[in-house]
Structure formats: C-alpha cells, structure tokens
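This briefing is intended to be read alongside the sequence and the model.

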Amino acid sequence: MQVKAPRGTYDVLPPDSQKWQYIEQVIQETARLFGYSEIRTPIFEHTELFERGVGETTDIVTKEMYTFQDKSNRSLTLRPEGTASCVRALIEHSVYGGLMPVKWYYSGPMFRYDRPQTGRFRQFHQSGAEVFGSNSPYLDAEVIMFLVQILSNLGLRDYELHLNSVGCPLCRESYRQKLIDHISPVKEKLCIDCQSRYEKNPLRVLDCKVESCHQAIAGFPYIYDSLCDDCQEHYILVKATLEDSGINYLHDNNLVRGLDYYTNTAFEIHIPSIGAQSAVGGGGRYNGLVKACGGPDIPGIGFALGMERLLLALDSLPDREEPNSKLDVFLAVLDEKYDNQAMQVLDRLRKAKIMVDRDYTGRSMKAQMKYADKLGARIVILMGEDEVNRGCFTVRNMSSREQLEVQTEQLIPAIIDILT
RNA sequence: GUGGGUGUAGCUCAGCUGGUUAGAGCACCAGAUUGUGGCUCUGGGGGCCGUGGGUUCGAGUCCCAUCAUCCACCCCA
C-alpha cells in the first residue's frame, strides 16, 4: 500500500507554491509598514501552555489538540494557534522589560484534530499579529486596520468585518448573571451541547446554531448592554476610529469568540463565498492572558488569518498575473561532447544574473526546442559543432524567430539586449 | 465525533441491466529525410479498476467491511 500524506494534510506543489509565496510576501510587506516584526516560535509546546492559554473549556483544548508524549514522558502538543506561544515567549524572555508596546507578527503551520472539509485541515496555516503593552482603543483600531490592509493588498473586497465587545471581567460577570437568569427557566429546552455549555460557559450558548436553542433563548440580553462605562467608551472609540478610516463593520451582538481569554474588542472577518467555513480571520483583545500565563499584568491584542481560506477567496478572483517564473534563456547543447563547455556557459550567464536552463535527459535538438518552448524560454542559445568550431553561439529570439550569430565574448551583451 | 456523496491511466472522466485481451480526451515520449519550438498527422509507454473479504461458472460492475477523499454539522482560521 502506498504511503500518502496523513489525513487533513496536503502538499503544496508548484505552481501553487507561488501563490503561497505571494500571500506571505504581502503580509510581510504590510507588517513592515505597520511596524510589526516577525517572531518564530516552536511548532510544539508543553501541553499545559495551551490548556491555560487557550482555555480548558474550549473545543480546541477538549477535543482538537495533537498531544503526544515524548521519550522523556513530557506531554507536548502541536500548536493549535499562535497566541499562547507568543505570550510564553514574551514572558520567558522578559521582552516586556524593554520597549513597549511589543508588536509581533508570525506565519506558520497550526494543528487541530478536526474532520477535514472545505477550508479546514488538520495542518493548516495562519499568519497573525500580537501586540503587548497597551490598552489603547486606537491600538485595537490599528490591529484591525492592519488586518484589513492585508486583505485589501491581496485584492479582496467582498469581506464582512464583524465587531463586538465582550467587556472586561467586571461587566462580563454582571452579564453572565443576567444571561443565567434568562436561560435557566428554559434550560430543559436546550440541546445537549448547550446544556453543558450553560454549565461551563453560558456565553457560548449564544453561539449555538441549533434552531430550537435559538428559539428557546430568544430575547436574551446582549453583552453590549451590560458593558461598564470604561468598556463602553473603549468600544465607541474603536468604532469611531474605524469609521474615520473608512472601514465598514457590522456590530454583531452574537459574536462571542470561542477562546476564553478575550476581553473587550472581538472581531471576525467573513467571506461568505468560500463555503461554510467562511471566517478567514479573527481576533480580539486579551487583557488577562499574560497574567494568567504567569507573567505581569500586561494587556494584549491580536488576530489570526487562515491562509487556506485566503487562498480559497483569492481563487475566486480574476487571475492575477503570475510572478515572472518563465525562463529567460535556454541553452540547447547539440552534442554531448560539449556538455562540459555548456556547463561553463551556464555558469557565466547565471553569474551575470541571467536566468538560464538546459536539457539533462539527452533530447534531440528538435526535442530541446520543444522543451525550451514549454519552459517559456524567450531566447534559445544553440551550441553545436558549427558554433564551437567558430567560437560563437547562435542566439534565437523565440518570439520573433530571428537568429543571429554572436562571438563568445559578445554573448552576454547580446542576450541582455534582447531581454530588455 | 455525526450524516451524505465519491474512489477506473499522471489529470478529467466513460464503461448500459455482471460476460472475452478495460476505453477516450488532455499530459508525457518518439517520428513526419540531413542542426530549429508553437499548429497538424502518425505511433508509443503507462491501470493489483482504493484495499480486504463475500455472492457467482464468471465481478470494474452486486453485497459487506475498511481506508481515503469531498461536502455538511459541531467548532473555528
């Protein structure tokens, strides 16, 4: 039986890898403009980091983690998201002791044991950003502007920005009580999942998509109405800043992010056209997280983008012109006795920054011409007996079909002349 | 974890109610006179018909299981 890539994983082959390079490049450039520097963290961490940092009641921790024992019986977990590792690194290296705020971005694979479907894999890729050390609502706005700028630079237009505030621990507690008061009379009508959600984290009952649960909790209070004065002001400033920047958003009372550590601003980007898994990005503020992970009481905010979902959205766009991967020059070697000399020619051209390739499978001249054509070569250099004896090359312009003979020392200038 | 669809050549697929050596298009390779590409023509290589069992004189085709994949649910990126 043939060995195949494990379930929920896949290979990125050329030319698809070019699309990945393109997205990563756009993110890098945008990050630089916004003043974010790259951080690279391990792909696995101690399991307890995610249990504490992501939240023990979340689906990610309860059923989706790739956890294993190493040879010393440590419990390790393939990272399911990027924030926890950033927080760990911030604390471990006392980065907060330096210049604040700390503005990081990252890109890389994440792992969740889920059933694969459109836009969902077991090894998937996220790029994200994290900022530590400021509770300014203008920073919330900047983080969202960063995210939106990436989408815009990629040429994506038809996205929805959903926005909400989940408040601070204070207003969240009063809201939680209001919600419990509202739900408890109809508790029996909820689905099994919601009954356990009600026990563990009542806020997540609001996320349920079961119709009967929707009806049962109709008229539930919104957290927005329970926000304390500070949280309200914070949220208003975030919204006003976005409005002034011309960023459209939808206030979404039902947006209660699945991760436990979020406070205040929460947001998600949806592109409905890519399928059921339409969230291409999401994030929010997590002011309690650093402390919860054993660090000082430092506020944080961040987001993550799903690369596979971005790719899906990009695929439905009109074709972007591919980066120039076509060959400049093909060197046709007409007799194997010139193989060695041919390698010297390749070397010279490449050192002159000319993109050049040749055949290594012993093709006939005609086949080499065909091959060169398929590689998209703009020029073919012919190197046969005539040329070698006379110390020259035949240079063929593939689009005009014109050929000229050039002396060895004139080869590079002649090629550059045709290419430019 | 649950439900449904699909597994035949490198890719996209055909193969009617079970019946001889399993096909097409594309791709790949080679030719169409001497050292010249795109178009056309001719030829060629490639398939344990996902895997394992079962029914049958006979299975790509029917039944069961299993694996993979796709779509959806849950949840999220």
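In which loop is N73 found? N73 is found in the loop between strand 3 (66-69) and strand 4 (75-78), where helices (H or I, at least four residues) and strands (E, at least two) are DSSP runs numbered from the N terminus. This is a predicted model, in which local features need pLDDT of at least 70 and side-chain atom pairs count only at pLDDT 80 or more, while totals for chains, interfaces and linings use all residues. Residues are numbered from 1 along each chain as its sequence is written, chains are lettered from A and ligands numbered from 1 in the order in which they are written, and side-chain values use heavy atoms, with hydrogens and water left out.

**Backbone geometry**

- Most residues other than glycine have a negative phi, and most peptide bonds are trans.
- N73 has a positive phi of about 65 degrees although it is not a glycine; N73 is exposed, at 62% relative accessible area (buried means under 20%, exposed over 50%, partly exposed in between; 1.4 Å probe, protein chains only).
- R401, also not a glycine, has a positive phi of about 65 degrees. R401 is found in the loop between strand 15 (392-397) and strand 16 (403-407) and is exposed, with 62% relative accessibility.
- A cis peptide bond runs from P14 to P15, with omega near 5 degrees; P15 is placed in the segment before helix 1 (16-34).
- The bond from M100 to P101 is cis as well, with omega near -5 degrees, and P101 lies in the loop between helix 4 (83-92) and strand 5.

**Salt bridges**

- The whole structure contains 15 salt bridges, each being a side-chain nitrogen of Lys or Arg within 4 Å of a carboxyl oxygen of Asp or Glu.
- K19 and D315 form one of them (3.4 Å, N to O). Because K19 lies in helix 1 and D315 in helix 11 (residues 307-315), this pair ties together parts that are 296 residues apart in sequence.
- K19 is partly exposed at 27% relative accessibility, and D315 is partly exposed at 48%.
- E142 and K103 meet in a salt bridge (3.0 Å, N to O). The pair links distant parts of the chain, with E142 in helix 5 and K103 in strand 5, 39 residues apart.
- R363 and D359 are also joined by a salt bridge (3.0 Å, N to O); R363 is partly exposed at 33%, whereas D359 is buried at 4%.
- A network of salt bridges links E45, R88 and E92.

**Cavity**

- The structure holds one cavity of 30 Å³ or more. On a 1 Å grid over the protein atoms alone, a cavity is a set of points where a 1.4 Å probe fits but cannot get out, and lining residues have an atom within 4 Å of a point.
- Residues that line the largest cavity include I27, Y105, S127, F146 and F303.
- Strand 5 (102-111), strand 6 (123-132) and helix 5 (137-153) each give two or more residues to this lining, and strand 6 provides the largest share, three residues.

**Surface patch**

- I43, F44 and F68 form a nonpolar patch on the surface; patches are made of residues with over 30% relative accessible area and no salt bridge, with like charges joined within 9 Å and nonpolar side chains (Val, Leu, Ile, Met, Phe, Trp, Tyr) within 5 Å.
- I43 lies in the loop between strand 1 (37-38) and strand 2 (44-46) and is partly exposed, at 35%.

Definitions and conventions: Accessible areas come from the Shrake-Rupley method with a 1.4 Å probe; for residues, only the protein chains shown count as cover. On a 1 Å grid over the protein atoms alone, a cavity is a set of points where a 1.4 Å probe fits but cannot get out, and a pocket is an open set with protein on both sides within 12 Å along at least five of seven lines; lining residues have an atom within 4 Å of a point. Grid points are joined across faces, edges and corners, and a volume is the space filled by probe spheres set on the points.
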